Amino acid sequence: MQRYTILWADDEIDLLKPHILFLQQRGYDITPVNNGAEAIELSESKHFDVVFLDEHMPGMSGLEALSQIKNNKPNLPVVMITKNEEELIMEEAIGAKIDDYLIKPINPSQILLSVKKILDNKRLVLEKTNTNYQQEFGKISMAFQDNMNFEEWADIYKKLVFWELQLEQGDNKDMAGILESQKVEANLNFCKYIKRNYENWLNNPNVEKPLLSHQIMKKKVFPEVGKGKPVFVILIDNLRFDQWKTIEPILHDYFNIDSEETYYSILPTTTAYARNAIFSGMLPSEMAKTNPDLWVGEDEDEGKNNFEDEFLSKQIRRNNLNIKSSYHKIKKLEEGRDLADSVNNLFNNDLNVIVYNFVDMLSHARTDMAMIRELAPDEAAYRSITKSWFEHSPLFDILKKISEKKARVVITTDHGTIRVKRPFKIVGDKTVNTNLRYKQGKNLGYQGDKVFEALKPERFFLPKHNVSTAYVFAIEDQFFAYPNNYNYYVNFYNDTFQHGGVSLEEMIIPLIFLNSKHA
């Protein structure tokens, strides 16, 4: 067991010998001094894991010593010990970034608890986390044997994300590897579940089904409008549930999180299909049929999401809502800054929709740019980049300004992404789309059943360009690769984040409801 070194400064240090002996018997090495000046000198010249400082010492006070120790070694943990219970003293010590604050008289158990909280906290939390996950592992694996419904699948995915984030804080690679294997097993079973049920969700009005992309506005957003405060819908493109959990703590100082829900993205899990479905309130074939002037098909070069604001306006009118609304799409940093500067003007509207494209750009940049690829070599790093971006983004500035007034905020996305690792050979002519997770065309060639086929696109409410048009979706962590240039495809796209197919990460996505905390 590691032995920790403690520097203890107190002008009555001789009276603390029983406490020091108590700690020494438990494996801690104590260096006692009786004044602040000596504590500063020793902390500079020697290594200590923690410093105990008496607040009231003759000559240099504990607070003065604390300030100098922190200036020299800002990461050295310090525990302030004092007889003084004045709030001002506590605030000064806390402002100087102490790690704990104890009021005399103190007993040995208090000291030991403080030391363990500071020095052994990470180890103890890691050990407890590993033990708890080991217990949960069996329950999750057993659940795969049951005929789970869509709500249970969402719960399983949330649990896997929770444990992934918990284990990420430690360095137990064996446990992380076990979790990764369980995620693979979960996706295998989830894809089987989607194969069995997805078509039925769309065609059978009497079957139990999850909330889907085209129902979000009507069932979840519109009911929030007209309750005395503006509604802001923030749609962050490509935001997975684990990425939401990464930025959630940042928002706690500004918003109360009233509800953390999920919904299922329609297929294909791409911006063109899923996001248009959100704003139109329709499935893709319905959009193509009723709004041929707005729907842009796979065979057209035009941008597929250029008419979201018109789709949204039509859906508002179709639901007989007499409201003032706005729509903003942010694709560049300058656009985000401009909106942050003018966000107060939006409070005159009943509904404000803000589409933020950053995460989508990040995922594509990760594929195309070597530097981004190095910065985000795995899931944890991908989450870290998302968090860092959010903390310094105009979007965070926008949300902080919204939080200053009464407002209802909905944070969601259109689909997630999955880190692809296994190529799957497919053949298609030059009219087949380029997405790596789904293919649409009339001459698709592939072997085996390791895909999700939509051979009758009308049953999936997908546009059908000719009689033999079919859709094929990649499942689990696969990506499509053409036999010609196969090695290029594998080397270039393997281990990148893609979307369009069937996986927990792509289909089960966040739908979060917040209220301003400070208004």
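Helices (H or I, at least four residues) and strands (E, at least two) are DSSP runs numbered from the N terminus.

This is a predicted model, in which local features need pLDDT of at least 70 and side-chain atom pairs count only at pLDDT 80 or more, while totals for chains, interfaces and linings use all residues. Residues are numbered from 1 along each chain as its sequence is written, and side-chain values use heavy atoms, without hydrogens and water.

I then traced the sheet. Five strands form an open sheet, ordered β2-β1-β3-β4-β5, with parallel pairing; two strands pair if DSSP finds at least two bridges between them. β2 and β5 (100-103) are at the edges with a single partner strand each, so one side of each has no neighbour in the sheet.

I checked two pairs. Six bridges join β1 (residues 4-9) to β2 (residues 28-33), and Ala9 stands opposite Val33. Four bridges join β3 (residues 50-54) to β4 (residues 78-82), where Val51 has Val78 as its bridge partner.

Last, I looked up helix α3 (residues 62-72). Its buried residues (under 20% relative accessible area, 1.4 Å probe, protein chains only) are Gly62, Leu63, Ala65, Leu66, Ile69 and Lys70. Down the axis of α3 they fall within an arc of 155°, taken from the directions from the helix axis to the C-beta atoms, so they line one face.

Definitions and conventions: Buried means under 20% relative accessible area, exposed over 50%, partly exposed in between (1.4 Å probe, protein chains only).
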